[in-house]
Amino acid sequence: MSYKVGVIGAAGYAGAELVRLLVQHPDFELSVITSNADAGTPLAEVYPAFKGSSDIEFTTHDDPAVKDCDLVFLAVPHTAALAQAPGLLEAGVTVCDLSADYRLADPEVYEHWYGTKHTSPELLATRSFGLPELFPDDIARAHDLREAGKPALVACAGCYPTATSLASAPAIRAGWSQGLVVVDAKSGVTGAGKGCNAKTHFCNADEDVQAYKVGCHRHTPEIEQILGKLGEVVFTPHLIPMKRGLLSTVYLQLTDEAADMSIEDMLGCYLDFYDGRPFVQVLPVGEQPRTASVVGTNVCQVGLAKNERTHTLICTGAIDNLCKGAAGQAVQCANLVFGLAEAAGLPRVGMPV
């Protein structure tokens, strides 16, 4: 059985990545793709990589055909999902939202960090948070809703929170850390979206690395919410001159008890924590994640190192910001919500060179 699927905002980078995954998916039939700017234009004209794989054309965001879908992905900027999600849910359509609009459980926190009023806070009580490895009960609840004939809303985790949390959550949940969580993260330019500005223009981004939104990045409260460390996360993102890929390095001050653990025992706990999760690879002692190893995949590579002198655990996570950090994660969530194999249609092998 196949399910009819739509992508609102399919012309953006995350939307195009969704289309790449969906045109090859064994159980999802891509029926509608929207872009107001590209309405009436064939997909392959906007993205020539799709020549020969699909003859679908873009329609407008208000295309009524989206409400005939079983599932719609919202690949739109924050605040735009607020205008789309309620109507789709009312029409009985399950929604996987890639924006930040339903990630934060507290609407006041959202309004503070995003500078806009949350217009459907009642949906926050029933939405599921889309990070399956850390919140499986949320995804199971969304699955149960759909099995009962009701639409589900999944708020997919952001790219920086995904890599950061998958790298550090097992240690934090085990009670190994104390005090601040310090995060140093770096992402490729596609993380800024398709629109170009002075910061992401080739001449400014090439041959340059810069920190941005230091101390005030909007992913901070999401990381704190996931890790249960409210007011204890210091998060500094950096823009690096490559298209896709994200590396997050997290520094945790160890408790006295955890400081006595060996790195081998810590890795063993991580392996147990992620046992059965197909998209997290915990690397052996002495190996560290590389963005080049995960580009094009839905995989997160996780590595651990321990600074014995300072009693610090260094947790690293590498993902493809467009796949596990956005589109791939959304498809992974949708697979589980619809009762499909978790890895259906999702690549796990990167490009070796």
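Start by selecting Asp38: at 18% relative accessibility, Asp38 counts as buried, where buried means under 20% relative accessible area, exposed over 50% and partly exposed in between (1.4 Å probe, protein chains only). You will find Asp38 in the loop between strand E2 (28–34) and helix H2 (43–46); helices (H or I, at least four residues) and strands (E, at least two) are DSSP runs, numbered from the N terminus. Leaving aside neighbours within four places in sequence, show Ala11, Val46 and Phe58, which are in contact with Asp38; contact means heavy atoms within 4.5 Å. Now draw a distance from the C-alpha of Asp38 to that of Leu322: the two are 284 residues apart along the chain and separated by 21 Å.

A word on what is on your screen: this is a predicted model, in which local features need pLDDT of at least 70 and side-chain atom pairs count only at pLDDT 80 or more, while totals for chains, interfaces and linings use all residues. Residues are numbered from 1 along each chain as its sequence is written, and side-chain values use heavy atoms, with hydrogens and water left out.

Zoom out to the whole chain. There are 11 helices and 14 strands to color, and the C-alpha trace spans about 60 × 50 × 40 Å along its principal axes. Buried residues make up 54% of the 353 residues. Among contacts between residues at least 6 apart in sequence, 72% join residues at least 24 apart.

Next, select Asp97, in strand E5 (residues 94–97). Which side chain of opposite charge is nearest to Asp97? Arg103 is, at 6.7 Å, and Asp97 is buried yet has no salt bridge; a salt bridge is a side-chain nitrogen of Lys or Arg within 4 Å of a carboxyl oxygen of Asp or Glu. Opposite charge here counts Lys and Arg as positive and Asp and Glu as negative, without His and the chain ends. Look instead at the backbone nitrogen of Ser99, 2.9 Å from a polar atom of the Asp97 side chain. Not counting residues up to four places away in sequence, Asp97 touches several residues, including Leu74, Tyr102 and Cys156.

Move on to helix H8 (residues 220–227), where 7 of 8 residues are buried. Among them are Pro221, Ile223 and Leu227. Just after H8, Gly228 takes a positive phi of about 65 degrees.

Finish with the salt bridges, of which the structure holds 10. In helix H5 (residues 136–147), Arg141 and Asp138 lie 3 residues apart, about one turn of the helix. Their side chains meet in a salt bridge (3.5 Å, N to O). Arg141 is partly exposed at 33% relative accessibility, whereas Asp138 is buried at 17%.

Now pick Arg244 and Asp320, whose closest N and O atoms are 2.8 Å apart in a salt bridge. This pair links distant parts of the chain: Arg244 is in the loop between E10 and strand E11 (246–254), and Asp320 is in the loop between strand E14 (312–319) and helix H11 (323–337), 76 residues apart. Asp320 counts as buried at 0% relative accessibility.

For the last stop, select Glu342 and Arg277, which form a salt bridge with closest N and O atoms 2.9 Å apart. Glu342 is in the segment after H11, and Arg277 is in the loop between helix H10 (263–273) and strand E12 (280–282).

Note on methods:
Polar contact = N/O pair within 3.5 Å; in protein donor to acceptor, adjacent residues only side chain to side chain.
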